[in-house]
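Let's take a walk through this one together. Have the sequence and the 3D view open side by side.

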Amino acid sequence: MVTVERVRAAHADAWEAEGRARAAYGGGAARVRGARLMASGLPAAKWNNADVTGADLDVGAVRRWYAERAVPWGLRVPVELSVELGRPLFVKRCFGLRRTGFRPASRPPELLLRQAGGSEGGRFAAAEATAFGDPVEVAEAWVGPVFGRRGFEHWVARRDGEVAAVATAVWSHGAAGPAVMLTGLAAVAGTTPAALPALATVVLERAFAAAPQALAHSHAEPGEDVTWLVRLGFSEVPGLLVRVVEERA
């Protein structure tokens with residue numbers, strides 16, 4: 001059964017993993033009263049966030065931790081909690097999936113679906129930059145520290161040699177138990193609509209084969225098409241209000 005508590009715990013577990021993997025780059029992870037903190041070291045609030053876990057949030061401790069790292073930061077707050085800190089941006093939609101509810105999508109024969117590895121980090125970052133419309137140097141700074149690192153998988157769908165979709169899987173084994181976050185999901189404009197669910201299917205098949213009891217989880221911003229996530233079997237749970245607190249370090 002997918003519960004909101006486990007999905008949120010897995011979400012925070014995954015972001016802690018992201019922070020720990022970037023400790024040598026100015027990132028890190030920590031826990032204080034009422035929150036689980038992570039930082040990437042990058043100069044954008046969206047990559048330095050605290051997952052709020054209770055109304056007794058120690059705001060002072062959170063502020064000090066991010067100030068020590070000199071990064072802009074924000075909060076992810078369960079929608080039922082009231083935390084008047086910073087500026088609200090949007091509600092992140094959250095989804096969870098267990099192996100028993102997984103409904104694989106079809107795989108168009110023209111798509112090559114594979115995990116990127118070895119010396120492909122730069123090419124994957126360039127593909128992600130194209131898919132999300134980010135500068136290549138920004139994508140490289142985000143992807144570089146974790147590419148090829150244990151617990152992080154980067155996947156690409158190609159058609160006729162061109163990138164059709166990208167995805168990243170982040171493994172964790174914390175408060176939520178074994179879990180894998182499906183993130184960085186994007187299809188390149190003009191490609192077949194089947195590219196993204198087909199790529200996600202391959203990632204999830206590998207994940208559930210490796211850890212049948214794992215919780216797969218994902219997220220979306222307002223306005224994103226999530227119908228394909230639902231078709232794969234994902235269940236939506238109450239989301240997280242994203243608030244930006246410090247826009248500049």
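Which residues point one way from β3, and which the other way? Keep in mind as you look that this is a predicted model. On one side you'll find N48, A50 and V52, while N49 and D51 point the other way. With five of the five residues of β3 (residues 48-52) under the 20% cut-off for relative accessible area, the strand is largely enclosed by the rest of the structure.

So who are the neighbours in the sheet? Strand β2 (residues 35-39) runs antiparallel to β3, and five bridges join the two. To find your way, pick out R36, whose bridge partner in β3 is D51. Strand β4 (residues 73-78) also pairs with β3, this time in the parallel sense, over three bridges. There, A50 stands opposite L75 of β4. To get from β3 to β4, the chain passes through helix α2 (residues 59-69), making a right-handed β-α-β crossover.

Now move along to helix α4 (residues 136-143). Its buried residues include A139, W142 and V143. Look down the axis of α4 and the buried residues fall within an arc of 90°, so they line one face of the helix.

Technical notes:
Residues are numbered from 1 along each chain as its sequence is written. This is a predicted model: local features need pLDDT of at least 70, side-chain atom pairs count only at pLDDT 80 or more; totals for chains, interfaces and linings use all residues. Side-chain values use heavy atoms; hydrogens and water are left out. Buried means under 20% relative accessible area, exposed over 50%, partly exposed in between (1.4 Å probe, protein chains only). Helices (H or I, at least four residues) and strands (E, at least two) are DSSP runs, numbered from the N terminus. Two strands pair if DSSP finds at least two bridges between them. A crossover is right-handed if, with the strands pointing away from the viewer, the path from the first strand over the helix to the second runs clockwise. The arc is that of the directions from the helix axis to the C-beta atoms.
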